[in-house]
Amino acid sequence: MDQEKIDEILNHISQKFDDEVPGIVKMVVRKKMIGRFQSYDAQTMPESLRNCSVEDLIDIVQKGLESGRLKL
């Protein structure tokens, strides 16, 4: 993936996070999430997740949260 596309993705995620999350919550979430992302081993993902589109993943997560099967 080229750098322009990577920058676009990172900017989109950052903007969504800034727009929708109150400041105090950002501080707590950043500390937890940064450590988790830095230590995440992508090689441990199941094949089903590796072949899943972003749209499908978002839909699966939303439905999992709604049904109570996914607890974050």
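Let me start with a term: a patch is made of residues with over 30% relative accessible area and no salt bridge, with like charges joined within 9 Å and nonpolar side chains (Val, Leu, Ile, Met, Phe, Trp, Tyr) joined within 5 Å. A salt bridge is a side-chain nitrogen of Lys or Arg within 4 Å of a carboxyl oxygen of Asp or Glu. Accessible areas come from the Shrake-Rupley method with a 1.4 Å probe, and for residues only the protein chains shown count as cover.

Now, what we are looking at. This is a predicted model, where local features need pLDDT of at least 70, side-chain atom pairs count only at pLDDT 80 or more, and totals for chains, interfaces and linings use all residues. Residues are numbered from 1 along each chain as its sequence is written, and side-chain values use heavy atoms, with hydrogens and water left out.

The fold first. The protein has four helices and zero strands. From the N terminus, the order is α-α-α-α. Helices (H or I, at least four residues) and strands (E, at least two) are DSSP runs, numbered from the N terminus.

Next, the overall dimensions. The radius of gyration is 14 Å, while a compact globule of 72 residues would come in near 11 Å. That radius is taken over C-alpha atoms, and the globule rule is 2.2 Å times the number of residues to the power 0.38. The C-alpha trace spans about 35 × 35 × 25 Å along its principal axes.

How much of the protein is buried? Of the 72 residues, 3%. Buried means under 20% relative accessible area, exposed means over 50%, and partly exposed is in between (1.4 Å probe, protein chains only). The protein exposes about 6800 Å², and carbon and sulfur atoms supply 58% of that.

Met1, Ile9 and Ile13 make a nonpolar surface patch of about 350 Å². Ile13 sits in helix 1. Ile13 counts as exposed, at 52% relative accessibility.

There is also a charged patch. Asp2, Glu4, Asp7 and Glu8 gather in a patch of negative charge on the surface. Asp2 lies in the segment before helix 1, which covers 3–20. Asp2 is partly exposed, with a relative accessible area of 42%.

What about charge overall? The protein has 11 positive and 13 negative charges, and their mean positions are 11 Å apart. Lys and Arg count as positive, Asp and Glu as negative; His and the chain ends are not counted. Each charge is placed at NZ of Lys, CZ of Arg, CG of Asp or CD of Glu.

Side chains of opposite charge can pair when their charged atoms come close. How many salt bridges does a search of the whole structure find? One. Asp59 and Lys63 form a salt bridge through their side chains, at 3.2 Å, N to O. Why these two? They are four residues apart in helix 4 (residues 54–67), so about one helical turn separates them. Asp59 is partly exposed, at 33% relative accessible area.

Asp19 is in helix 1. Asp19 counts as exposed at 56%. Its C-alpha atom is 29 Å from that of Met45, 26 residues apart along the chain. Cys52 is in the loop between helix 3 (47–50) and helix 4. Cys52 is partly exposed, at 24%. The C-alpha atoms of Cys52 and Asp18 are separated by 26 Å, and the two residues are 34 apart along the chain.
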